[in-house]
Amino acid sequence: MDPTMLAADSVHSARMSRIEIRDLSKSFGDLAVLHQISLEIESGSFVSFIGPSGCGKTTLVRVIAGLQAATAGEVRVDGDSPEEARAHKRVAMVPQQPGLLPWRTVRANARLLLDINRAANPPDAAEPEALLREVGLGDFMDAYPHELSGGMLQRVSLVRALALNAPLLVMDEPFAALDEITRAEMRALLNGLVAGRGVTVLFVTHSIPEAVALSDRVIVSSPRPTTIVADLIVDLPRPRARDIDDEARFVDLCAQVRHALHGAMRP
């Protein structure tokens, strides 16, 4: 099945999540990583963060996700602190490495977040079987991680996060370790899975085409300590076609992101 054609009503509608960031700074001892970042991210939008390696993109999304505390400033997720949102399972994260447990099957790994602190599970959390079928893993539910390819492992990681039906999905370079063909397949799959769900997605990447193909906005950051140097609107229509890369507007938007990046890295 073409992932861009996945029916939105095959999964529960996610609650929506608005993010407000005010004068956010983060330091590790004497090392300043984030410097007075202010952003507003609308509910249901797909926002990519791109910048030089080591600039602090991962730190930024980890603070938003409630995994690290800010040094100064404030982050609100639907009016709550990131820690409160995370405690109530309103934030789901897809890391760069799938992090599947080798002794659990695909089915069991996909429901891992549901099995932890079950009392906090949202009432509209989804059993993972339907999602596993939608991502092409219906025949592998009883397989173990060592039996899967890299792309299949990352699909399980994605399903594990989506099963929470959390309104905020944070993705930290989830496709970085994949080959180009598999990466393109995962991009199309992700576009299809989030379409119509209302979920807010924060996506960290080093790939300009990936950021443009997936996003409603691309946030370009400076070298460390991170500041925002560009906030670009991606006005490509949705649903995004697989061959969106061939369109003139796509090429133009990629050039805009590239120029912003090059400008940010100039001394």
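Visitor: Where is S207 found?

Guide: S207 is in the loop between β7 (200-204) and α8 (208-214). Those names come from DSSP runs: a helix is H or I over at least four residues, a strand is E over at least two, and numbering starts at the N terminus. A word on the source: this is a predicted model, where local features need pLDDT of at least 70, side-chain atom pairs count only at pLDDT 80 or more, and totals for chains, interfaces and linings use all residues. Residues are numbered from 1 along each chain as its sequence is written, and side-chain values use heavy atoms, with hydrogens and water left out.

Visitor: Why is S207 called buried?

Guide: Buried means under 20% relative accessible area, exposed means over 50%, and partly exposed lies in between (1.4 Å probe, protein chains only). S207 has 18% relative accessibility, so S207 counts as buried.

Visitor: What is S207 in contact with, leaving aside its neighbours within four places in sequence?

Guide: I50 and R183. Contact means heavy atoms within 4.5 Å.

Visitor: Which element holds S25, and is S25 buried or exposed?

Guide: S25 is in strand β1 (residues 19-28). Its relative accessible area is 13%, so it is buried. Not counting residues up to four places away in sequence, S25 touches L34, H35, Q36, A70, T71 and A72.

Visitor: Where is F175, and what does F175 touch?

Guide: F175 is placed in the loop between β6 and α7 (180-194). With residues up to four places away in sequence left out, F175 touches Q154, R183, M186, R187, L190, F203 and E210. Its relative accessibility is 1%, so F175 counts as buried. From F175 to D216 the distance is 19 Å, C-alpha to C-alpha, and 41 residues in sequence.

Visitor: How many disulfides are there?

Guide: The count is zero. A disulfide is a pair of cysteine sulfur atoms within 2.5 Å.

Visitor: What makes helix α1 largely enclosed?

Guide: Helix α1 covers residues 57-64, and six of its eight residues are buried, so the rest of the structure largely encloses it. The buried ones are K57, T59, L60, V61, V63 and I64. Just after α1, G66 takes a positive phi of about 80°.

Visitor: Which residues have a positive phi although they are not glycines?

Guide: D78 is one of them, with a phi of about 50°. N165 is another, at about 55°. Most residues other than glycine have a negative phi, and most peptide bonds are trans.

Visitor: Which peptide bonds are cis?

Guide: One joins R224 and P225, with omega about -5°. Another runs from R238 to P239, with omega near 0°. P225 is in the loop between β8 (217-221) and β9 (228-233). P239 is in the loop between β9 and α9 (248-265).

Visitor: How do you know that the chain agrees with a compact globule?

Guide: The globule rule is 2.2 Å times the number of residues to the power 0.38, and the radius of gyration is taken over C-alpha atoms. For 267 residues a compact globule would come near 18 Å; the chain has 18 Å, so the two agree. The C-alpha atoms fill a box of roughly 55 × 45 × 30 Å along the principal axes.

Visitor: How many helices and strands does the chain have, and what share of its residues is buried?

Guide: The chain has nine helices and nine strands. Of its 267 residues, 54% count as buried. Among contacts with a separation of 6 or more, 71% are between residues 24 or more positions apart.
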